[in-house]
Protein chains: 2
Amino acid sequence: MTLSPIRSLLPFARKAKKEGRNVFHLNIGQPDIPTPPQAMEAIRAVKDRIISYGPSEGLPSLRALVAQYFNKFDAHVTADDIYVTTGASEAILFTLFATCDVGDEVIIPEPFYANYLGFAETSSIKIVPITTHIEEAFGLPSPEAFEQLITPRTRAIMLCNPGNPTGQLYSADQLKKILDLCKRHNLFMVVDEVYREFCYDTNFTSILSVEGGEDHVIVIDSISKVFSSCGARIGYLITKNEDIRNTVLKYAQLRLCPPYLGQVLAEACYRYGHDYIEEAKIEYAKRREVLYSGLNSIDGIKAYKPTAAFYNIVELPVPNATEFCKWMLSDFNHNGNTVMLAPAGGFYFSEHVGASQVRIAYILNENHLQQALECLQVGLKQYHKMVLQPAT
Amino acid sequence: MTLSPIRSLLPFARKAKKEGRNVFHLNIGQPDIPTPPQAMEAIRAVKDRIISYGPSEGLPSLRALVAQYFNKFDAHVTADDIYVTTGASEAILFTLFATCDVGDEVIIPEPFYANYLGFAETSSIKIVPITTHIEEAFGLPSPEAFEQLITPRTRAIMLCNPGNPTGQLYSADQLKKILDLCKRHNLFMVVDEVYREFCYDTNFTSILSVEGGEDHVIVIDSISKVFSSCGARIGYLITKNEDIRNTVLKYAQLRLCPPYLGQVLAEACYRYGHDYIEEAKIEYAKRREVLYSGLNSIDGIKAYKPTAAFYNIVELPVPNATEFCKWMLSDFNHNGNTVMLAPAGGFYFSEHVGASQVRIAYILNENHLQQALECLQVGLKQYHKMVLQPAT
């Protein structure tokens, strides 16, 4: 098992804080937006005398609310199609266990959410990456490019839409073509849609709204980002394929049930969260502008404007982003501040790709984001002077 | 993946309830004792604005409280030795992933907690059972008997102490001998101690209190039973072996963190739960007496008095306990009541063993337990008359 690349710099950040410096965390997708207050109120109103086991599939009341929520995306799912999981993490793991045998292959565009690699290692399946490029804002490769990678062991194509770590959004047309490909080759199409609510320029298309995908489509979802409730550990696995549901149920029964209190929180999120989501989206859209204009004013940075989620992959004018990120935490101080970024190499399966890139999560408010960008600008200048081209 | 045997009779129970009959559930370890009121109070007092990701290892404050709690058992563990997991289920899975490669072997006395089998299938490891017998109240086999099963692929011996489903308790001397065996053969000794607080006749020995086990011992724990908080999904993996901790950390980081609200509940359990545990134990001890005397008054039943936990394996005068359990749910009605039991066959890895046995969980109050036993007595009589020896 490899160590989570996002978390491997944490000891350096801890040291920086111990030394009294403030660290702006642009490295992790932990929003600073409050959890819906009505959801916190629901927790404070819990009346149960016993926190007992619930159904392995999740609370029926929550599953019904999630099904209703999906109407918004023209996705015709029922409560039966939805299993509550312990975060999207568990939904991904259940999906791999249910669709693949040991040694089977899943095609995934890279860069991808780094933990996909750990889930693949845990379930002993093989990731087949298809590289996307910063010059194309990490747009989706053609169906033909995917098709070339299909082997007799391929079981699924897996997409993250909107994309973590890229902030890209796939169109209805693109999704339909990949679904057609999956149908032709009898593959599953797994789409991780946990950032679906944050699309700034064009509308989001859920793969669940695309007709004819019933037997092939598995959607991963979560309340972590949409409702800023990462610690509740509530996610979903959604599919109309009954065989997959029956297999997933066995894994679900094995861990007995998802966390009860998180489910109570989630129910209130869906009941009261409509305006909340709109407000959060407006806030992230503002931050996106701050980030984009800030990055554009820094010399040597290659950036595109992400269309969705709250991530951006950025190419820095340094040969090794990991070394630069470490240096920022160990040796840099700008008015008592520094910034933590996620080196993007860990999001690529292929080696030696993205070595100069970092992922920036725009999850801080405008003021902090601006200060963090200033740190990055000053840091890059100092790094060039002191490390890359030190005075002789 | 096999279907959880405890849960496979549930559709029959649902049907019975739909038909208006009351079902006494003696089949599942869901206590009817309230969660500590102070813990529920802690949930209602949650002040956080954001339910955010916590440390993958669990909250430091909770880990410190658990370490302190273990002093009670002369187990010298520190907060660093304790990882918070999403229920004991996750702790078991992490243990198997961290100690075994695909195809490695773990020796486990049977009957054992049925989900061990699912965890073994998930991690592609092989369970090597060592059969224990109702005539000996499922006492622990000799170290020599374990030793005969050790092969070059054996990685661990796994015990459940106190035992689910047997209600047996292993002595300090027995544990020491198995630990010595593990040390001689360089094996891990995994002990699932989630029922440790419920020992009625003799004191409990935690394997963590046995000297010299530092590199070999891994303990599984949970608040589910001790604090009647099954739905909180909070468990622990405890070990002083740093290599194992480092490997487990990678799996822990992969699923980001354990549920936050469950951890808040757990903290209050340890802060305020000392008297609570004593009272729960007195209650279960009373129920044990009711169960034992009730079973002894039923013709043809073979029962022993369990010494710990809240389970009892009982041999019924029927050739196939699964058929009998189904019949009780489908065709039996005693004053509007029936009873659900867990057929014990699912707790044995070996086939055709324990076919006449059931597991009874004494998790109902005395009054309900007495009514359930009456159902069992009347049910067995009717079953003999109507099914086994029907009038010709």
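Modeller: Copies are superposed by least squares on the C-alpha atoms of residues with pLDDT of at least 70 in both. The structure is a predicted model, in which local features need pLDDT of at least 70 and side-chain atom pairs count only at pLDDT 80 or more, while totals for chains, interfaces and linings use all residues. Residues are numbered from 1 along each chain as its sequence is written, and chains are lettered from A and ligands numbered from 1 in the order in which they are written.

Colleague: Which residue of chain B comes closest to the rotation axis?

Modeller: Chain B is superposed on chain A by a rotation of 180° with 0.0 Å of shift along the axis, at an RMSD of 0.0 Å. The two copies are thus related as by a two-fold rotation axis. Among the residues of chain B, the one that comes closest to this axis, with its C-alpha at 1.9 Å, is Arg44(B).

Colleague: Which element gives the most to the side of chain B that touches chain A?

Modeller: Contact is counted when the C-beta atoms of two residues, placed from the backbone, lie within 7 Å. In these terms, 47 residues of chain B are in contact with 47 residues of chain A. Helices H2, H4, H5, H8 and H9 of chain B each give two or more residues to that side (helices, H or I of at least four residues, and strands, E of at least two, are DSSP runs numbered from the N terminus). With five residues, the element that gives the most is H8(B).

Colleague: Why do the copies meet through the same surface?

Modeller: The side of chain B that touches chain A divides into 22 nonpolar, 18 polar and seven charged residues. The copies meet through the same surface because the share of interface residues of chain B that are also interface residues in chain A is 100%.

Colleague: How far apart do the C-alpha centres of domain 1 and domain 2 of chain A lie?

Modeller: An automatic or database domain assignment sets the bounds, giving domain 1 as 10-29 + 275-384 and domain 2 as 37-272 in chain A. In chain A, 27 residues of domain 1 are in contact with 28 residues of domain 2, and H10(A) gives the most to the domain 1 side, with five residues. The C-alpha centres of the two domains of chain A lie apart by 27 Å.

Colleague: Which strands stand at the edges of the sheet in chain A?

Modeller: Two strands pair if DSSP finds at least two bridges between them. Seven strands of chain A form an open, mixed sheet in the order E2-E8-E7-E6-E5-E3-E4. Each edge strand has a single partner, so one side of each is left without a neighbour in the sheet; these strands of chain A are E2 and E4.

Colleague: How many residues of E8(A) are buried?

Modeller: E8(A) is joined to E2(A) by four antiparallel bridges and to E7(A) by five, also antiparallel. Gly235(A), Leu237(A) and Thr239(A) point one way, and Tyr236(A) and Ile238(A) the other. A residue is buried if 20 or more other C-beta atoms, placed from the backbone, lie within 10 Å of its own, exposed if 12 or fewer, and partly exposed in between. E8(A) is largely enclosed by the rest of the structure because its buried residues number five of the five.

Notes:
Nonpolar A, V, L, I, M, F, W, Y, C, P; charged D, E, K, R; others polar.
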